[in-house]
Amino acid sequence: MIFRQLFEPLSSTFTYLLGCEASGQAVLIDPVVNSIDRDLAELQRLGLTLACTLDTHLHADHITGALHLKERTGCRIAAPAMERLPCADVGVVEGVPLMVGSLAVQPLHTPGHTDSHFAYLLGERVFTGDALLIDGCGRTDFQNGSAAELYRSVHGKLFTLPDEQLVYPGHDYQGRRVSSIGQEKGRNPRLGQGRTLAEFEQIMAGLDLPYPKFIDHALPGNRLCGVCPDDLPAQMQAYCGRMTESPQG
């Protein structure tokens, strides 16, 4: 398998490129709209054809690159079936692998951050989106999130994977790139270290997080598989790859 981990610094998002060496087909997990030129250049450099994009959930902190990548490459768009997105070509459900050449990507429904969140398992790697981060997890206070559901998702599905399974998260804000199931079980301060459900619910209830600054633009755009709004405020233009000049020119 060909594998690349790509980082978008504005939203601290990881995009993952998985390529089948035999067929030359590839999938991009969680592409970001302002980084599609980078992704296409990497695909070209590796001699791969983009077969589909695959999102872990409807993102609140960035807009997916799925629609623009489809327009530019003819690839399919895969997204959680629960969202019933008219723009998606493939509805992802647990138990039905997504085939990309010889690669069989196994979807794991991991609700809690959002109700339709999925992680994706392939070989020695698991791509956990926002359900499980390195020493952390995504918030659970919007998009039908639930601390109890997230605890059950992580402990019932992700923490049952082998300790040596490599964890590739959807984000990291401290320059880290990869963890493992064993490491997260042993030291994740929210979900590991033997935390009980009651303790986790108390931790999440006490976070007192601010309202997500980009959510009102991201969610409508992501329900259309990656449409940037025309009324995006100037200070947020970079989220869609639109760079504005400073007042000084």
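Begin by selecting H2, which lies across S3, S4 and strand S5 (76-80) and runs at about 160° to S4. Here and below, helices (H or I, at least four residues) and strands (E, at least two) are DSSP runs, numbered from the N terminus. Axes are lines fitted to C-alpha atoms, for helices over the stretch in contact, and angles run from 0 to 180 degrees between N-to-C directions.

The model is predicted: local features need pLDDT of at least 70 and side-chain atom pairs count only at pLDDT 80 or more, while totals for chains, interfaces and linings use all residues. Residues are numbered from 1 along each chain as its sequence is written, and side-chain values use heavy atoms, with hydrogens and water left out.

**The helix pair**

Helix H1 (residues 36-46) packs against helix H2 (residues 66-73) at an angle of about 45°, the axes being 11 Å apart. H1 and H2 are therefore oblique to each other; angles under 35 degrees count as roughly parallel, over 145 as roughly antiparallel, 65 to 115 as roughly perpendicular and the rest as oblique.

Display the side chains of Ile36, Asp37 and Leu40 in H1, which meet His68, Leu69, Arg72 and Thr73 in H2. The residues of this contact comprise three nonpolar, two polar and two charged. In this scheme Ala, Val, Leu, Ile, Met, Phe, Trp, Tyr, Cys and Pro count as nonpolar, Asp, Glu, Lys and Arg as charged, and the others, Gly among them, as polar.

**The sheet S1 to S6**

Now select the six strands of the open sheet, whose order is S1-S2-S3-S4-S5-S6, with mixed pairing. Two strands pair if DSSP finds at least two bridges between them. From one strand to the next, the twist averages 25°.

Centre the view on S3. Four of its five residues are buried, so S3 is largely enclosed by the rest of the structure. Buried means under 20% relative accessible area, exposed over 50%, and partly exposed in between (1.4 Å probe, protein chains only).

On one pairing, strand S2 (residues 13-19) and strand S3 (residues 25-29) run antiparallel and are joined by four bridges. Tyr16 has Ile29 in S3 as its bridge partner, and Leu18 stands opposite Val27 in S3. The hairpin of S2 and S3 has five residues between the strands, and there Gly24 takes a positive phi near 80°. S3 is also joined to S4 by five bridges, and these two strands run parallel. In this pairing, Val27 stands opposite Cys52 in S4.

**Met1**

Select Met1, in the segment before S1. Met1 counts as partly exposed because its relative accessibility is 36%. Leaving aside residues up to four places away in sequence, Met1 touches Leu18, Gly19, Glu21, Leu103, Leu122 and Arg125.

**The sheet S7 to S12**

Finally, select the open sheet of six strands in the order S7-S8-S9-S10-S11-S12, where the pairing is mixed. Strand S7 (98-100) and strand S12 (179-180) stand at the edges with a single partner strand each, so one side of each has no neighbour in the sheet. Strand S9 (residues 118-122) pairs with strand S10 (residues 125-129) in the antiparallel sense over three bridges. Leu121 stands opposite Val126 in S10.

Note on methods
Contact = heavy atoms within 4.5 Å.
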